[in-house]
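Hi everyone, thanks for coming along. I'd like to take a few minutes to walk you through a model I've been looking at, so please have it open on your screens.

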Amino acid sequence: MAQVRLSGIAKTFGKVTALDAMDLVIDDGELVCLLGPSGSGKSTLLRIIGGFETPSAGAIAIDGVDVTGLPPERRPTAMVFQSHALWSHMTVHGNIAFGLKLRRLPKSEIRDRVERVLDLVGLAGYGGRLPSQLSGGQQQRVALARSLVIEPKILLLDEPFASLDQHLRERLRDEVRDIQQRLGITAVFVTHGQDEALAISDRIVVLADGRMQQVGRPGEIYAEPKTAFVAGFIGAMNMLDGLLADGEIAASGLRLAAEGSGPARLAIRPEDIALSEPADGRAATVRRMIDFGAHVVIDSALADGTHLRIQTDKAIRVAPGERIGIRVDRWTVFTEDGEPRRYRSDTLRSFRDVRYA
Amino acid sequence: MTDLAVLSGAGKRVRRAAVDWTGIAFLAGLAVVILLPLIVTAVWAFAEVWRFPAIVPQRMGLGYWQDTLSRNDVWTALWLSLGITTTVTAISAAICFPAAYAFARLDFPGRNLLFLAFLSVQAFPKFGLIVATATIFLTLHLVGTFWGVVLIQLVGTLLYMIWIPVSAFQGVDRRLEEAARDVGATPMRVFWSITLPQALPTLFAAILITFVSTFYETDAAWLIGLPNVRTMPMVMISFINNALEVQYGAVLFVFLWVPSFLLMLAARRVMGADAFARGLGG
């Protein structure tokens, strides 16, 4: 069992609060993503778990053992750094074997374990090379192997693929997920890429300004954001400022059913908007059309000029300046205080007959 | 002619790079100011007869080399110089490298002030500082002694042996050290296995610069060392001042300069030019 329990973790740097009273339990074998924008405190939290930062308040327990005061070398954790942090004066074998040598294992066992882990990360036969002789992706695999070889209870990954190109990043993240599941290791993954978080995690912790905004499964976070920040941060979202009155919310000329009164924020996913015939409170003007191949995104303008992104069928074609009707299938209303309210259109119908290229 | 032929013909045209006249002028100026005096002195070392107005020596030979290298005082001064230089460099490294690590990595009260104090030695006229030190050394009976020269020359090494190593240690990425601690290394082990090897090329550069500059040092060796301690540069100066033939001085010049020049070249090759650049903040 390798469970991480964070209780009331806080961290301040001078007068700046980087983390504020954070409680979280990461279960055995779970991969949890810490997701948030720069400065949200996600890397600080990871460094606190790894022992590189001391929390100003709170405690960390791994498998029920309080490790709050332990230095990194005495924690059952291993971190993969964004910059790879490979030691350039050692070979790949030397980098991976370093942690094992510190544990005074027999040479034959060190050799076997290094070869096994190199095989695991797809770098068999690369032991004699220097880090400078490897590509960025290969270097990150070595960094992963160096962390895995010491068999940590908790694997910490600090934006490990941030410096890699898109294709390599996607391939490596799938490989990391595969290895993590095969080994059944508990992992904490820091990223500011929502796609990465949605693709790799069992659960996502969304952070902003040092506070946890929401914890949940990727689908849950995407479909049911608890705050306007999460709604805007995870996936594409149209966020419109509006006013609640008379059983509806009016935002930028758009009118949708909603309860309550006063100012509110209207959140609509681009894929929850369908095209229809223009009607009062249900119309927009096409600014441009972006063809992604698998789908089409229409960047349109509402009555007051506010942008509205619509994701629709790849066969649909519209021209800039064209007036289009919109039908919103799902929307969420966030008010200053109170839970978000989610609505769903009960007039769902096919729009395929509306307009095709 | 097809379109393809036109395209392939166009592809062969190569733009000629512009001549860097500024660079060439700069290089020529450097050659005149630095290389020419060195070459002339080196030629003098092998010139047995070279009288005005001849452009090249009338007779070349190794006569002056035999005369110079057969003298006992030359060899005594050489071994003494090597002994002093090695001692100074070793003591300087032992004092300055830990201090440089502390300046680079630790946060302690008065850090910036102390760092400034180490470097402030260079802010004063060196000769005045040596004279002031000599008066203190007189009372301590250190004038004219091996350790007196070692102590005064140590002061002159502070700039290179603090400044360059501070840059070297600051240049080691902290995440490399964190990665080592992460896999189980204690702070001491991190220093020996990661920080030191990473900083080593630049530390070697500091040692080399210190060794060479100490070997050629004359002011402190003259004021504190003489008459008992005669280093190699002191012997060279006395040869130049007292001998009618300039060849004796030229021979010692080549004798002193060539080994250190070769050492610097070898060091650049082994450590890489960037070790010097990193040490000076490059």
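I'll begin with chain B, move on to the interface with chain A, and end with a few individual residues.

One thing to keep in mind from the start: this is a predicted model.

So, chain B. Chain B has 282 residues, and 39% of them are buried. Its secondary structure consists of 13 helices and two strands. If you take the contacts in chain B between residues at least 6 apart in sequence, 71% of them join residues at least 24 apart. And for the surface, chain B has an accessible area of about 16,400 Å², with carbon and sulfur atoms contributing 70% of that.

Now let's turn to where the chains meet. On the chain B side, 18 residues are in contact, and they touch 22 residues of chain A. About 1,700 Å² is buried between the two chains, and 59% of this comes from carbon and sulfur atoms. Which residues of chain B lose the most area to chain A? They are B:Glu178, B:Asp182 and B:Val183, and together these three account for 37% of what the chain B side buries.

How many salt bridges does the rule find across this interface? The count is two. Let me show you a salt bridge between side chains of the two chains: A:Glu73 pairs with B:Arg181, at 2.8 Å from N to O.

As for the elements involved, helix 8 (174-182) and helix 9 (187-215) of chain B are the ones that give two or more residues to the side touching chain A. Helix 8 gives the most, with seven residues. By residue type, that side of chain B divides into eight nonpolar, six charged and four polar.

You'll find A:Met79 in strand 6, residues 77-80. Is A:Met79 buried or exposed? A:Met79 has 2% relative accessibility, so it counts as buried. Setting aside neighbours within four places in sequence, the contacts of A:Met79 include A:Leu46, A:Phe52 and A:Leu156, and also B:Asp182 from the other chain. B:Asp182, you'll remember, was one of the three chain B residues that lose the most area to chain A. If you'd like a sense of scale, A:Met79 and A:Thr332 are 253 residues apart in sequence and 38 Å apart in space, C-alpha to C-alpha.

Last topic: some backbone geometry. Most residues other than glycine have a negative phi, and most peptide bonds are trans. Here are some exceptions to look at.

In chain A, A:Ala21 has a positive phi of about 40°. A:Ala21 sits in strand 2, residues 16-26, and it counts as exposed because its relative accessibility is 52%.

A:His84 also has a positive phi, of about 70°. A:His84 lies in the loop between strand 6 and helix 2 (92-102) of chain A, and at 9% relative accessibility it counts as buried.

Back in chain B, the peptide bond joining B:Phe52 and B:Pro53 is cis, with omega at about 10°. B:Pro53 is in the loop between strand 1 (47-49) and strand 2 (59-60) of chain B.

That's everything from me, and I'm happy to take questions.

Notes: Residues are numbered from 1 along each chain as its sequence is written. Chains are lettered from A and ligands numbered from 1 in the order in which they are written. This is a predicted model: local features need pLDDT of at least 70, side-chain atom pairs count only at pLDDT 80 or more; totals for chains, interfaces and linings use all residues. Side-chain values use heavy atoms; hydrogens and water are left out. Contact means heavy atoms within 4.5 Å. Buried area is the accessible area (1.4 Å probe) that two parts lose on being put together, summed over both. A salt bridge is a side-chain nitrogen of Lys or Arg within 4 Å of a carboxyl oxygen of Asp or Glu. Helices (H or I, at least four residues) and strands (E, at least two) are DSSP runs, numbered from the N terminus. Ala, Val, Leu, Ile, Met, Phe, Trp, Tyr, Cys and Pro count as nonpolar, Asp, Glu, Lys and Arg as charged, and the others, Gly among them, as polar. Buried means under 20% relative accessible area, exposed over 50%, partly exposed in between (1.4 Å probe, protein chains only). Accessible areas come from the Shrake-Rupley method with a 1.4 Å probe; for residues, only the protein chains shown count as cover.
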